[in-house]
Amino acid sequence: MAVKVTESYVNYSPPLDYHVIAKRLLASVPEKYLIGLDSVVLCNLSGQPRRIRTGTLPRRGRRIKREHVAGLYHPAWRGRKAWIQVFVDQIKVPPRFFRWIRLLSDLLFGEVLYHDLGHHAHTIRREYRKKEDVAENWRVRFSVNHLRRSYRLLYGVLRLAADIRRAVLRLIHRDSA
C-alpha cells in the first residue's frame, strides 16, 4: 500500500527534488500509520488561490496566519480519504553549499511532513491530549525512526553522544545537590 506523492506547482521551481525526499521519508514509516492516507500533495503557497493564502488557522489556543503554515492535514471526509498538503516554498532550505547532504534535506522537509503525518496517526491511534502536542510527539518518533533506518551509523553515534551527555548531566546534578 503506497501513498501517492504528487507535485502541483504554479509558476514555481523547487530548489530540491521534494518528490524523491517525500518518497524516501514515507518509506521509513511503518505501514500501519499510512492506512487510510491517500496522498501527499507538494505545492507552493504562492500559487494557491487567495482564499487559501489568506486568513488564519487555530493552533495551540491562538490563531496563526496561513502564510506561516508549511503543511496541512486534510482528514477523511465525505467518502474521500485523508491527504496531506505540503507547501514547499514555506520549508526552510539548507544553504546551497549544504544541499548535497541528504540528512539536512530529510530533517527539514521531514519536520513538516512528519508533523502532518502525526495528525493522521492520531486518527488511527487516539491519545487524549492536545492535537498539536500529539502531532509533535509523532513527528519526533517518525524522525528518529527515519534516522535509525536510513542513517544507521550516524544514529548510533548520536545515540552514544546522547547517553554520554545524559550521564555527565546526571553527575553534575548529583555533585551540586
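User: Which residue's side chain meets that of Arg 24 in a salt bridge?
Analyst: First, this is a predicted model, so local features need pLDDT of at least 70, side-chain atom pairs count only at pLDDT 80 or more, and totals for chains, interfaces and linings use all residues. Residues are numbered from 1 along each chain as its sequence is written, and side-chain values use heavy atoms, with hydrogens and water left out. A salt bridge here means a side-chain nitrogen of Lys or Arg within 4 Å of a carboxyl oxygen of Asp or Glu. With N to O at 2.8 Å, the partner of Arg 24 is Asp 106.

User: How many residues apart are Arg 24 and Asp 106?
Analyst: The pair links distant parts of the chain, with Arg 24 in helix 1 (residues 18-27) and Asp 106 in helix 3 (residues 102-124). Those labels are DSSP runs numbered from the N terminus: helices are H or I with at least four residues, strands are E with at least two.

User: Is Asp 106 buried or exposed?
Analyst: The cut-offs are under 20% relative accessible area for buried, over 50% for exposed, and partly exposed in between (1.4 Å probe, protein chains only). Asp 106 has a relative accessible area of 1%, so it counts as buried.

User: How many salt bridges does a search of the whole structure find?
Analyst: Side chains of opposite charge can pair when their charged atoms come close. One example joins Glu 127 and Arg 129 at 2.4 Å, N to O, and Arg 129 is partly exposed at 42%. Searching the whole structure gives a total of five.

User: Which helix holds both Arg 139 and Glu 136?
Analyst: These two form a salt bridge with their closest N and O atoms 3.0 Å apart, and Glu 136 is partly exposed at 22%. They are three residues apart, about one turn of the helix. Both lie within residues 131-150, which is helix 4.

User: Which residues is Ala 22 in contact with, leaving aside neighbours within four places in sequence?
Analyst: Ala 22 belongs to helix 1 and is buried, at 0% relative accessibility. Contact means heavy atoms within 4.5 Å. Apart from those sequence neighbours, Ala 22 touches Val 5, Phe 109 and Leu 113.

User: Which helix gives the largest share of the lining of the largest cavity?
Analyst: On a 1 Å grid over the protein atoms alone, a cavity is a set of points where a 1.4 Å probe fits but cannot get out, while a pocket is an open set with protein on both sides within 12 Å along at least five of seven lines; lining residues have an atom within 4 Å of a point. The structure has one cavity of 30 Å³ or more, and its lining residues include Asp 106, Tyr 114, Ser 143 and His 146. Helix 3 and helix 4 each supply at least two lining residues. The largest share, five residues, is from helix 3.

User: How much space lies in the largest cavity?
Analyst: Grid points are joined across faces, edges and corners, and a volume is the space filled by probe spheres set on the points. Counted that way, the largest cavity holds about 40 Å³.

User: Which residues lining the largest pocket are the closest to its centre?
Analyst: The largest pocket holds about 910 Å³ of space. Of its 27 lining residues, five come closest to the centre: Gly 71, His 115, Asp 116, His 119 and Glu 132.

User: How many residues does helix 3 give to the lining of the largest pocket?
Analyst: The elements giving two or more residues to this lining are strand 3 (56-59), strand 5, helix 3 and helix 4. Helix 3 has the largest share, with eight residues.

User: Where is Asn 11 found?
Analyst: Asn 11 has a positive phi, near 50°, in a residue other than glycine. It is exposed, with a relative accessible area of 82%. Asn 11 is in the loop between strand 1 (4-8) and helix 1.

User: What is the accessible area of the nonpolar patch formed by Leu 160, Ile 164, Val 168, Leu 169 and Ile 172 together?
Analyst: Patches are made of residues with over 30% relative accessible area and no salt bridge, joining like charges within 9 Å and nonpolar side chains (Val, Leu, Ile, Met, Phe, Trp, Tyr) within 5 Å. Areas come from the Shrake-Rupley method with a 1.4 Å probe, and for residues only the protein chains shown count as cover. Leu 160 sits in helix 5 (residues 152-176) and is exposed at 53%. Together the patch residues have about 450 Å².
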